[in-house]
Amino acid sequence: MLKLLTDDHAQRQRLDQWLAQQLAPRLSRNRLQNLIRKGMLTVNGKQITEPRFKLSRDLEIEINLPPAIKAEPCGEDIPLDILYEDNDIIVLNKPAGLVVHPGHGNWTGTLVNALIHHCGHSLSGIGGVKRPGIVHRLDKNTTGVMIAAKNDHAHYHLSRQFADHGRCGTLKRIYTALVWGLPARRNSTIDLPLARSHRDKTRQAIASTIRADARHAITHYTVMEKFGENDDATALASLIECQLETGRTHQIRVHMAHIHHPLIGDKDYGSVFKTKANCLEEPLKTIVRSFPRQALHAQSLTFEHPSTNKIMIFRTVLPNDMEKLVDAFRKKTNIRVKRTNLFR
């Protein structure tokens with residue numbers, strides 16, 4: 001049984017929307033809608049079966065979670081790069097190209113399929129039949145450290161840490177990204193809400209705070225290394241380190257694109273910058289143009305172990321493809337490039 005008390009932000013929000021904000025990533029909005037329609041939720045003791053039910057403050061919400069159900073996706077013998085594993089958790093180094101859980105267009109060949117094959121007998125099913133053990137995600141083409149829960153206790157404990165985003169606890173997520181140009185500030189914070197794009201529902205966009213579905217999003221970044229002769233945005237590129245204070249879909253990619261420094265290789269949010277590669281000399285031009293994904297790597301994850309309460313830190317080096325891309329920029333640091341209006 002989950003119990004929540006609505007706050008000021010719940011005023012006139014949809015029931016399913018507010019709950020999704022409070023319980024992400026433990027329970028998805030679709031999962032919550034299903035629970036509501038099945039009569040598994042009460043507001044001030046009254047059963048509510050309509051996800052669009054409008055909220056006000058100081059309402060007592062109770063959600064009766066059904067027992068964890070067996071995962072429906074089939075196990076597949078997909079290689080896993082396991083960094084650590086015990087009876088509660090499994091920590092992985094996710095490769096590029098691996099989707100985290102089954103969904104439209106990717107019903108097989110996912111990380112969930114691999115986890116079911118590897119440890120399906122103990123994998124937590126709280127996240128629903130399509131997301132057993134999953135407490136957070138990385139984009140398909142983002143690499144790096146991920147953790148999954150192997151039982152319900154671990155799932156609940158880890159989900160609370162991710163929902164808090166480290167504000168009151170120890171959770172810390174640090175990413176490495178290679179972006180076009182050099183941000184004006186070497187250390188800065190981007191505090192801009194995100195919501196689903198009106199133009200393309202598969203993408204996120206900077207949203208007005210008055211939008212009902214706008215979600216608070218904060219990214220802290222530090223420039224670690226710059227490539228190119230100039231000390232401004234006309235530099236070739238920068239290697240940055242990002243720490244998330246919130247964990248929204250595509251957060252780093254959207255935030256960096258908004259300040260005109262999109263990730264190299266990002267076809268969704270940085271496609272207008274692909275012509276920038278045409279200004280480069282060979283072989284850097286070919287290397288950049290052939291890089292098949294956004295240059296983003298989840299380099300480290302810090303969290304509290306769900307059973308021992310020990311603080312655990314896992315770090316990974318850049319994957320080979322991204323390391324080669326960064327090295328190519330390092331070798332060309334002193335070259336001059338043709339300037340265009342894309343060099344902001």
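The model is predicted: local features require pLDDT of at least 70, side-chain atom pairs count only at pLDDT 80 or more, and totals for chains, interfaces and linings use all residues. Residues are numbered from 1 along each chain as its sequence is written, and side-chain values use heavy atoms, with hydrogens and water left out.

Most residues other than glycine have a negative phi, and most peptide bonds are trans. Against that background, the peptide bond from glutamate 282 to proline 283 is cis, with omega near 5 degrees. Proline 283 sits in the loop between helix H5 (251-258) and helix H6 (284-290); helices (H or I, at least four residues) and strands (E, at least two) are DSSP runs numbered from the N terminus.

The loop between H5 and H6 also holds histidine 260, a non-glycine residue whose phi is positive, near 70 degrees. Histidine 260 is partly exposed, at 37% relative accessibility (buried means under 20% relative accessible area, exposed over 50%, partly exposed in between; 1.4 Å probe, protein chains only). A positive phi, near 65 degrees, is also found at arginine 12, in the loop between strand E1 (2-5) and helix H1 (15-23). Arginine 12 is exposed, with 64% relative accessibility.

Helix H1 itself is largely enclosed by the rest of the structure, because 7 of its 9 residues are buried. These are Leu15, Asp16, Gln17, Trp18, Leu19, Ala20 and Leu23. Their cover includes E1, helix H2 (29-37), strand E2 (41-43) and strand E4 (60-63), where contact means heavy atoms within 4.5 Å.
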